[in-house]
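Student: I am new to this structure. Could you show it to me and take my questions one by one?

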Amino acid sequence: MSQPQPIGSPLVHIAGVEKYFQRGAEKIHVLAELNLAVAPGEFLALMGPSGSGKSTLLNLIGGLDRPTKGTVTVAGERIDQLSDRQLADWRARHIGFVFQLYNLMPVLNAERNVELPLLLTHLNAAQRAQHVAAALALVGLSHRAKHFPRTLSGGEQQRVGIARGIVTDPTLLLCDEPTGDLDRKAGDEILDLLCALNREHGKTIVMVTHDPHASARASRTVHLFKGQITNEAVK
Amino acid sequence: MKFAHLIWGNLTRKKLRTTLTLLSILVAFVLYGILCAVKQALIGGVELAGADRLVVRHKVSIIQLLPESYQARMEKIPGVAAVAHQTWFGGVYQDPKNFFMQSPVVPEDFMPMFPEFLLPPDQLKAWQQTRTGAIVGRNTADRFKWKLGDKIPIMSPIWGQRNWEFDLVGIYDGAKKGTDTTPMFFRFDFFNESRSERARGYVGWYAIRVKDPAAAAEVAKRVDAEFENSPAETRTEPEGAFVQGFANQMGNIALIVASILAAVFFTILLVTGSTMSQAVRERIGELGVLKAIGFTNGQLLGFVLAESCLLALLGGGLGLGLAWLFAARGDPTGGMLPLFHLSTGDLVTGVAIALALGLLTGIFPALTAMRLRVADALRRM
Ligand SMILES: Nc1ncnc2c1ncn2[C@@H]1O[C@H](COP(=O)(O)OP(=O)(O)O)[C@@H](O)[C@H]1O
Ligand SMILES: [Mg+2]
């Protein structure tokens with residue numbers, strides 16, 4: 001497939017990736033001969049119908065799963081052959097995740113949720129508190145630091161989720177349908193926030209969505225259909 | 001421990017379920033503690049028994065009497081250092097429920113034989129000067145609020161079916177933690193002259209101190225040989241075996257206690273195990289998120305194990321604490337179980353059982369959490 005490639009060496013490079021799942025005797029082919037590059041500083045939207053393999057692809061980029069075939073390179077490092085343990089450490093250092101259903105720990109308040117990834121670093125309590133405060137300020141939720149998830153609105157919970165995703169200043173922010181469970185207004189606020197993180201803080205973002213309104217905010221959109229990239233639209 | 005709030009948060013997430021599980025564990029450990037104290041009361045005397053003491057009783061049974069004249073013959077047997085006798089008085093103070101043991105003894109023989117009874121020297125002197133004098137252990141003295149100088153009436157159904165009256169001249173303490181301080185002792189000379197002529201000159205059993213504990217078995221044989229073919233043949237055994245034989249009459253206590261506890265702990269294992277596996281099952285998605293963030297399989301295994309161990313140790317600790325408080329108040333039966341107490345060994349074993357319970361109930365859910373494939377877990381949100 002000849003696609004317009006981003007300039008400079010890519011931050012994410014996916015080459016010849018194939019992925020299938022074994023369900024009993026049945027082999028489910030999800031991704032086939034897939035190539036993709038993401039440049040540093042890009043805000044990429046992955047679009048496609050349900051079941052087209054968007055989440056599977058995002059999981060491969062984020063080191064949550066390994067491809068059946070092909071290579072996944074992030075920031076110059078091949079991650080498709082790392083062990084589970086190595087992948088866990090790698091994710092802690094390089095990846096921030098934002099999920100559709102926010103997935104906050106219900107037993108922890110907002111700041112404790114944001115702090116979670118920092119528990120895997122060598123920062124002491126005071127340093128962690130500093131980073132948490134900065135991340136919460138960035139998403140505009142300093143005044144909700146002590147609130148538990150169940151007392152926050154969906155939009156607020158997702159902003160806590162984003163603060164958790166960026167608190168370690170990861171190489172890459174991966175979002176799986178971050179606005180999928182929100183109304184238009186709250187969704188727009190989340191998209192504004194992601195745009196700001198991309199433009200003002202230079203965060204590289206890959207966002208899965210099936211909402212054209214959301215993908216319109218990205219700097220580039222890749223369409224996935226039955227496990228293959230069908231076309232790309234650069235803004 | 002920077003993960004403590006996460007583990008504590010998970011433990012307290014389902015308050016009712018955690019409380020109920022905690023209560024079942026607590027009840028099991030209270031039961032454990034009390035049964036241990038009962039067992040200690042019944043067989044604890046074995047451990048406290050003097051290694052250098054033998055007990056000589058009538059060959060037929062403990063209730064058959066032996067002649068007082070045996071003492072002089074025993075003292076001449078090689079290897080014997082000292083001899084003292086006791087006799088079951090079986091008296092009643094006010095009410096048969098107020099049970100405690102009483103025995104006439106010869107103070108000069110008896111006190112050196114049993115150094116675990118600590119009697120102030122001036123009280124011993126007073127006892128030697130008072131024919132009707134009696135001494136009693138701290139436990140019984142406190143129980144009936146007796147003071148030195150009190151007159152103690154004891155009704156004896158065995159010795160003449162009448163009231164005996166003693167003057168309390170001494171209160172002794174126990175030298176060791178488990179020493180039984182319930183018995184009362186009074187003077188044999190007073191007792192001997194006051195009972196019917198027919199019964200005079202007989203005693204219940206003898207204690208012998210041997211010169212060398214290693215040779216105790218040979219001394220015992222020599223004693224029994226000495227009285228062979230006499231009207232009152234003897235049976236001599238180490239004090240520990242004597243106490244054990246006493247306990248064995250009540251069945252194999254340790255086995256009964258162990259069986260009850262095994263049943264209780266099996267139930268608790270199921271209760272706690274199901275709580276823990278439920279706790280992990282309803283949290284699959286969150287575990288997936290933690291893995292996505294970069295928590296390792298080993299860390300998640302540790303979190304679940306820490307949670308189950310915390311649950312078991314909290315319940316177990318509270319239960320053992322309550323049992324200990326209960327046992328610290330002393331014999332709950334009012335005299336039947338003078339050695340009732342929760343030993344440090346049983347407490348330590350209890351904590352170890354709690355820890356084992358925590359590990360055992362946590363390990364399978366913890367392995368589930370650990371083996372969870374992160375992409376699958378996230379799909380289950
Ligand atoms: N662990 C798995 N086991 C079996 N099938 C899977 C697994 N993960 C994803 N699939 C299948 O792969 C296809 C693509 O899934 P997914 O990447 O989640 O799609 P999308 O995110 O685009 O909706 C679906 O048909 C899904 O059922
Ligand atoms: Mg998806």
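**A helix under cover**

Tutor: Start with the residues of α1(A) that are buried: A:K54, A:T56, A:L57, A:L58, A:N59, A:L60 and A:I61. Buried means under 20% relative accessible area, exposed over 50%, and partly exposed in between, with a 1.4 Å probe and protein chains only. This is a predicted model: local features need pLDDT of at least 70, side-chain atom pairs count only at pLDDT 80 or more, totals for chains, interfaces and linings use all residues, and side-chain values use heavy atoms, without hydrogens and water. Residues are numbered from 1 along each chain as its sequence is written, while chains are lettered from A and ligands numbered from 1 in the order in which they are written.

Student: How many residues of helix α1 of chain A are buried?

Tutor: Helices (H or I, at least four residues) and strands (E, at least two) are DSSP runs, numbered from the N terminus. Helix α1 covers residues 54–61 of chain A and is mostly covered. Its buried count is seven of eight.

Student: Which residue takes a positive phi just after α1(A)?

Tutor: Look just past the end of the helix. The phi there is about 70°, and the residue is A:G63.

Student: What does the C-alpha trace of chain B span along its principal axes?

Tutor: For chain A, the C-alpha trace spans about 50 × 40 × 40 Å. For chain B, the span is about 95 × 45 × 35 Å.

Student: What share of the residues of chain B count as buried?

Tutor: In chain A, 54% of the 235 residues count as buried. In chain B, the count runs over 381 residues.

Student: What share of the contacts in chain B join residues 24 or more positions apart?

Tutor: Contact means heavy atoms within 4.5 Å. The share is taken over contacts with a separation of 6 or more. For chain A it is 68%. For chain B it is 79%.

Student: Why does B:T140 count as buried?

Tutor: B:T140 lies in helix α6 of chain B, residues 138–144. Leaving aside neighbours within four places in sequence, B:T140 is in contact with B:F100, B:W146, B:T181 and B:T182. B:T140 counts as buried because its relative accessibility is 0%.

Student: Which residues does B:C36 touch, not counting those up to four places away in sequence?

Tutor: B:C36 is found in helix α2 of chain B, residues 15–48. B:C36 is buried, with a relative accessible area of 4%. The residues touched are B:L342 and B:D346.

Student: How far apart in space are B:C36 and B:R222?

Tutor: In sequence, B:C36 and B:R222 are 186 residues apart. C-alpha to C-alpha, the distance is 38 Å.
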